[in-house]
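I opened the notebook for a friendly look around this chain.

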Amino acid sequence: MALETHVGAAAPVRAAGSVLRWVRVLLTATALVDLLVLSYAVLLAWNLRWNVDVWASSAPVSPLGRSAPVLVAGWLLVLAAHGAYSRRTFGGGPDEYRVVATASVVAGGLVGMTCYLFQLPLSRGFVALSFLLGTPMLLLGRLVVRRVTSELRRGGRMVHRVIAVGGPSGTCEVFDSLSRERQAGYQLVGACVPDGIAAEPARFPVPILGSVADTRRLCDEVGADTVLVTRGGYASAKELRRIAWDLEGSSIDLVVVPSVTDVAGPRIHMRPVAGLPLLHVEQPQAGEAGGLAKRVFDVVGALTALALLSPLMLAVAVLIRREDRGPVLFVQPRIGRDGRTFGCYKFRSMFVDAERMEQRLRDRAGHAGALFKMKDDPRITRVGGFLRRYSVDELPQLMNVVRGEMSLVGPRPQQSWEVATYTDWEHRRLRVRPGMTGLWQVSGRSQLSFDEAIRLDLYYVDNWSLMADLVIMAKTVQAVLGKTGAY
């Protein structure tokens, strides 16, 4: 029996060590990709500089053979100094892209200052083109690496095995979050329960492996490379230090989850004061999400989209009209910002009497809540099925955006009876304009439950930023083309 236990534990240990090996391999590959990308960007910039000469100057310029290698090497050094090849930032979501963008700006500034201080005859057009071309190419390279990482994690590689230290509520909270975000690469394999907390297995989503004092030994046995301390994991700072001391000298990461959930990183700032790591949490961004900057972004984006998509919208209108001679647009009362009602425009994708059929279909499906969706909906027309599959039916809402009734990104507008089911905290969705797309649409669309959709919408309202809007819009295109959860 002892031999079987030893063999069973050895495989997870090797699997845990393989995570670091995979990370090192991908970081090395990322550095090589960056080297190739920057070399290509510099060569392309040099060719464009002399073929499209808008920076005409009689001043001599340094030959490419001397300036290009120095520029590429310096750029790579600045990227490394900012942590672009650090294991801590690898796969870190938006932070990874932010590091690359910030380092590129700093590198450009350093090149400009160096040329000015030492009077180097380096072409300004060449430098500007190098950074204008190289920065987006670096970000695109990071996106490719992210896709490779996601595929590896879906195949069971590069997944950190995690032991949670804490009570049942904290462990369940972490388990639910990590289960929703599988691309983060963390798998909860067990829990250690502190003294004084009843070890009731039925209340934990993962097996209880032992007590906190056994954490280091249990990590070795199950091959865990991360210890995650959740709410209830320690009663004092002394107990947390003891956990850290037990892990000292190992390759096991210690991660502490503060009792702050659904708060985006930019709203959290840590400031050490008198030996206390204080977390400063900025106020929710609901006011900014309905402010002038977002409104300007919406109007410019909607008018641009209408100009580009008007031929497609005209063709869709003709197809709808020819199918059953019914109206092209479907206007439905929806609840907008601050509870105001407005007419939400859509291309008609259902038969004319679809609303009268809805209650009968609800009764048949046993659905009594909001967000009523069903597969193989008999109310949908043949053309409407295509429009819904690719969300083309929602393009007329660009007119709602221009009118100020909706936004490009935000919580989806809902009907009055759906809003009537809201609790007090769910009404926070109405503090911003509803959007054509939103966080829950790019996180599963119709596959999500109502409660999960509400949680994501509230997260968006509290943590809004223009960068988040851009990311959601980019993910919307991917979700629509992939037809994920659309019906």
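Entry 1. I looked up burial and found that 42% of the 487 residues in the chain are buried (under 20% relative accessible area with a 1.4 Å probe, protein chains only). The model is predicted, so to speak of local features I need pLDDT of at least 70, and of side-chain atom pairs 80 or more, while totals for chains, interfaces and linings use all residues. Numbering runs from 1 along each chain as its sequence is written, and side-chain values use heavy atoms, without hydrogens and water.

Entry 2. I counted 15 helices and 11 strands in the chain (DSSP runs numbered from the N terminus: H or I of at least four residues, E of at least two).

Entry 3. How do H9 and H11 pack? I found an angle of about 150° between H9 (residues 292–324) and H11 (residues 382–389), with axes 9 Å apart (lines fitted to C-alpha atoms over the stretch in contact, angles from 0 to 180 degrees between N-to-C directions). The two helices are therefore roughly antiparallel (over 145 degrees). Val316, Leu319, Ile320 and Glu323 of H9 meet Arg382, Val383 and Leu387 of H11 (contact means heavy atoms within 4.5 Å).

Entry 4. Among contacts in the chain with a separation of 6 or more, I noted that 73% join residues 24 or more positions apart.

Entry 5. I found four cavities of 30 Å³ or more (sets of points on a 1 Å grid over the protein atoms alone, where a 1.4 Å probe fits but cannot get out). The largest cavity holds about 50 Å³ (the space filled by probe spheres set on the points, which are joined across faces, edges and corners). Its lining includes Ile335, Tyr422 and Arg429 (an atom within 4 Å of a point).

Key: Angles under 35 degrees count as roughly parallel, over 145 as roughly antiparallel, 65 to 115 as roughly perpendicular and the rest as oblique. On a 1 Å grid over the protein atoms alone, a cavity is a set of points where a 1.4 Å probe fits but cannot get out, and a pocket is an open set with protein on both sides within 12 Å along at least five of seven lines; lining residues have an atom within 4 Å of a point. Buried means under 20% relative accessible area, exposed over 50%, partly exposed in between (1.4 Å probe, protein chains only).
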